[in-house]
Amino acid sequence: MLRKITIAAVIFLSAANVSAQKNKKSQLERPKLVVGLVIDQMRWDYLYRYYDKYGNDGFKRLLNKGFSFNNVMIPYVPTVTAIGHTSIYTGSVPSIHGIAGNDWTDKQTGKNVYCTEDADVKGVGTSSQKVGGHSPKNLWSTTITDQLRIASNFRSKVVGVSLKDRASILPAGHNPTGAFWFDENTGNFVTSSYYMNSLPDWVNKFNDQKLAEKLVVNGWNTLFPIEQYTDSTRDDVPWEKPVGKAEKPVFPYSDLAKDYAENKGVLRTTPFGNSYTLRFAEAAIDGYQLGEDSITDFLAINIASTDYVGHSFGPNAIEVEDTYLRLDIELANFFKLLDKKIGEKNYLIFLSADHGGAHAEGYMKENKMMTGFFDDGLQKNLGAELEAKYAASKLILGIDNYQIYLNHELIKEKKLDEAAIKKSIIDNLNKDLRVLYAVDLKEVGSAPIPEPIKSRVINGYNWQRSGDIQIISHDGMLPNYAKKGTTHSVWNSYDAHIPLIFMGWKISPGESNAPHYMTDIAPTLAQFLKIENPSGNVGQPLMEVLGK
């Protein structure tokens, strides 16, 4: 009898063990942490332009251990920061998600509207309403970070980090654990009352270190001997803007510590802004214990100083090359920290960019390529022609994001023919040798414009926030404000071709040259995480990295 009981017990325990193993295997697998790393103004070619100078553990680690998509484009215009971050995290386009630019013109008041401004919230950690009065209230669609929070019943922790308010707020979504950005009045990271009533202790401790002061104390010189920067133009060229109070845009920038003491914002236009951001991201990992349990967390990081340096110097400067070589070292250290804290196979990271950057006008001119300023005197001249024709001034509210905003209230008040005014403006623009196309945004679907330009204009047109007429300038044309340095906004490859690499959890090394879009990132993450797509998603999952 005892023998029968013993055998039965063994059978029962064995069955229970098999059942337990089966249940264990049937549990849904997810990464402990997702890290979104969006490098501001990173052109795709930067991955390879400086490849031979990169170490093995930063960009090369991503390229060699990750899966790289080599032909990812931005599917809309204008290609600017706020839209880029929003489109990555929503899988959507301005027409749907509502972020029509870094700012736009309010059609009723004629006033400028900044993408994240919110008069109903106050700064936390800052006394400046301009710095702290921000939230995602202008964002209409959910983000992949919102969807993760919803799917986990808000147990997943989501944190946004950037020097820029918009590049922290928009990726973090509507209800994150926190979003933090840089206050150039104090040199601290801050947030707003939309998220919390006081800064967490770990943020206060980080701010108390005054790390930025330590980063700039020795100024900014090249990481390597300057003669090794063979992938850049000479150091002293007339189309670059210097850092801080430097008289010329040349190395070394020896007075950086003094400049920072007088104006904390100077940190943005140095590689040390990237270092400062990543140190804060590391503090956030510890402060919120990201990736320490079985519930997936998300850390959305924007590396912003690459954009500020790019704007000041253009993409061919030694300053830009040095910024990327230093960022390569910072990324290597950051990846090693993730390996140690989270485990190399436990986190999923993607690297991309919000937009690229055009060559500087002076660089193009010196190298005998077409260039110029598409809007030099444009609003003044158009306004004068309209006033002469219709006996009314200020029929144009402004030109923003390569779009002309009409003064609808004035047109209505004076009982003018809006269609005739549009036609007059478009006819004039199409005589301008700087303009490739000009189109009524309400009629763009039937306009004689080739793809992919037509689709990108349609995707970028938000009828409530965009202008009335879209200008597509000739290649190499910049707006008038970029007479030194450079900018971005157009459909061309230099602004619209961005990197995309996945690395870590469930990622096998490889690459794809197939055409894809920025909007494909969010639905790919949704498939990895087994959660719903963002509400406005128009992208498609990247099957090369997902597998069957």
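Sorted by class, the lining of the largest pocket comes out at 15 nonpolar, 17 polar and 15 charged residues. Here Ala, Val, Leu, Ile, Met, Phe, Trp, Tyr, Cys and Pro count as nonpolar, Asp, Glu, Lys and Arg as charged, and the others, Gly among them, as polar. A pocket is worked out on a 1 Å grid over the protein atoms alone, as an open set of points where a 1.4 Å probe fits, with protein on both sides within 12 Å along at least five of seven lines; lining residues have an atom within 4 Å of a point. The model is a predicted one, so to speak of local features takes pLDDT of at least 70 and side-chain atom pairs count only at pLDDT 80 or more, while totals for chains, interfaces and linings use all residues. Residues are numbered from 1 along each chain as its sequence is written, and side-chain values use heavy atoms, with hydrogens and water left out.The largest pocket has a volume of about 1,200 Å³, a volume being the space filled by probe spheres set on the grid points, which are joined across faces, edges and corners. Its lining runs to 47 residues, with N102, D103, Y114, R166 and Y308 nearest the centre. Two or more lining residues come from each of β4 (112-114), α6 (129-132), α8 (165-172), β7 (178-183), α13 (305-313) and β12 (396-400). Helices (H or I, at least four residues) and strands (E, at least two) are DSSP runs, numbered from the N terminus. Helix α13 supplies the largest share, four residues. The second largest pocket holds about 400 Å³ of space. It is lined by 15 residues, and L28, E29, R30, S294 and I295 are the closest to its centre. This lining splits into five nonpolar, five polar and five charged residues.

Next comes the packing. In soluble globular proteins, nonpolar side chains tend to be buried together. Buried means under 20% relative accessible area, exposed over 50%, and partly exposed in between (1.4 Å probe, protein chains only). Leaving aside residues up to four places away in sequence, E282 touches F334 and L337, where contact means heavy atoms within 4.5 Å.

Strand β6 pairs in the parallel sense with β9 (residues 297-303) over four bridges; two strands pair if DSSP finds at least two bridges between them. V159 has L299 as its bridge partner in β9. Three bridges also join β6 to β7, again running parallel, and there V159 stands opposite G178.

Strand β13 (residues 403-406) is likewise covered on both faces, with Q403 and Y405 buried on one side and I404 and L406 on the other. It pairs with β12 in the antiparallel sense over four bridges, L406 being the bridge partner of I396. The two form a hairpin with two residues between them, and N401 in the turn has a positive phi of about 55°. Strand β13 also pairs with β15 (residues 469-473), antiparallel, over two bridges, with I404 opposite I469.
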